[in-house]
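The sequence and the structure are shown first.

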Amino acid sequence: MPLSCKICGSKAILKRPKTGDALCKNCFFVTFETEVHHTIISNKLFSKGQVVAIGASGGKDSTVLAYILKKLNQEYNYGLKLILLSVDEGITGYRDDSLETVKRNEMQYELPLKIVSYEELYGWTMDAIVKQIGLKNNCTFCGVFRRQALDRGAMALKVDKIVTGHNADDIAETVIMNILRGDIARLRRCTAIVTGTEGLIPRCKPFKYTYEKEIVMYAYFKKLDYFSTECIYSPNAYRGHARTFLKDLEKIRPSSILDIIHSGESLYVKKDVKMPVQGVCKRCGYISSQPLCKACVLLEGLNKGLPRLGIGKTTKAQIEVLSSADCGTDPDPGRDNSSSSKSLEF
């Protein structure tokens, strides 16, 4: 016997992964959009007149985010100026293809687009970095550089906020990863719907409580144009293990995703636990709890032919070795860095 839509009583075509409710297509659209609108309004993510950069990768999350933000902006009169902001990491056969999708989105949604690249900002592409360091730990470089690249692009555009397509699954995975690594500093802020208020440009996550499966369903039924191939350098990423664990939990208990997020929100750090003190990088001026920010440490390691020196927790000794570049010294004088060496400046 066919199921009836829980809201309107017509024939249902799907069951929501988040609640198990049977819904028709139109009621699913309305429910999905209303929940995102409620997240935006209840958390006061935007103010009228703000310029907002949408972190656009061409994937399902950012494509649905761009579509739905434009829709909600018009329907509820948010009064926002929306801009697509993409990062070209320099991954042949992956990012070049996904950026073509973003360019189509630019025309489809009639939103301006700015693209910033690793090569332009750092003098390195991810292809070159992987050639230097191999597949292991390459996601460390990409994650650190991408975060700073988004900030740089946003600063150039003079935006008030950056929005990203991080969904409930992403946040639950991050909670698990930070618990497993004992990363207290990140565990404290990884569930925050708005981050970066203490530094450059605030970032917010309108999809914080939105399940990944429902984003896929929304994109499919709306026939949105998005890029679905996984990064060719990410199969060995540590996040993949957390994702597998989370998916297994979700099969047993669909509410596990939100349960983990709520648990992360409820955790707190004891008063006697020493937390990192936020400052600025002495070289580029980016926010950092160390004398040199992670991006500068990683970049200097690459430029000095010591790419693995910046992997893991940066020690005082590592910073001293990497800072020797300021004095004109080079542990490998035979290496020619003229084409790729670059320092960060804000």
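## Charged pairs

Arg203 and Asp151 are joined by a salt bridge whose closest N and O atoms are 3.6 Å apart; a salt bridge is a side-chain nitrogen of Lys or Arg within 4 Å of a carboxyl oxygen of Asp or Glu. Distant parts of the chain are linked by this pair, with Arg203 in strand S8 (residues 203–204) and Asp151 in helix H6, 52 residues apart. Helices (H or I, at least four residues) and strands (E, at least two) are DSSP runs, numbered from the N terminus. Both Arg203 and Asp151 are buried, where buried means under 20% relative accessible area, exposed over 50% and partly exposed in between (1.4 Å probe, protein chains only).

The model is predicted: local features need pLDDT of at least 70, side-chain atom pairs count only at pLDDT 80 or more, and totals for chains, interfaces and linings use all residues. Residues are numbered from 1 along each chain as its sequence is written, and side-chain values use heavy atoms, with hydrogens and water left out.

The structure holds 24 salt bridges, including those tabulated here.

| Salt bridge | Closest N to O distance |
|---|---|
| Arg203 and Asp151 | 3.6 Å |
| Arg239 and Glu173 | 3.1 Å |

In the salt bridge of Arg239 with Glu173, Arg239 belongs to helix H10 and Glu173 to helix H7, so the pair ties together parts that are 66 residues apart in sequence. Arg239 is partly exposed, at 26% relative accessible area, whereas Glu173 is buried, at 1%. Through shared partners, salt bridges join Lys60, Asp61, Asp169, Glu212, Lys213, Lys247 and Glu250 into one network.

## Helix packing

Thr174 also lies in helix H7 (residues 168–181) and, at 19% relative accessibility, counts as buried. Leaving aside neighbours within four places in sequence, Thr174 is in contact (heavy atoms within 4.5 Å) with Cys190 and Arg239. In helix H11 (residues 256–266), the buried residues are Ser256, Ile257, Leu258, Ile260, Ile261 and Gly264; their cover includes H7 and helix H10 (239–252).

## Confidence

The chain has a mean pLDDT of 87, and 88% of its residues reach 70 or more; pLDDT is the predictor's confidence in each residue, from 0 to 100. Over residues 327–340 the pLDDT is below 50, and this stretch has 21 contacts in the model beyond near neighbours in sequence. Where pLDDT is low, the predicted coordinates should not be read in detail.
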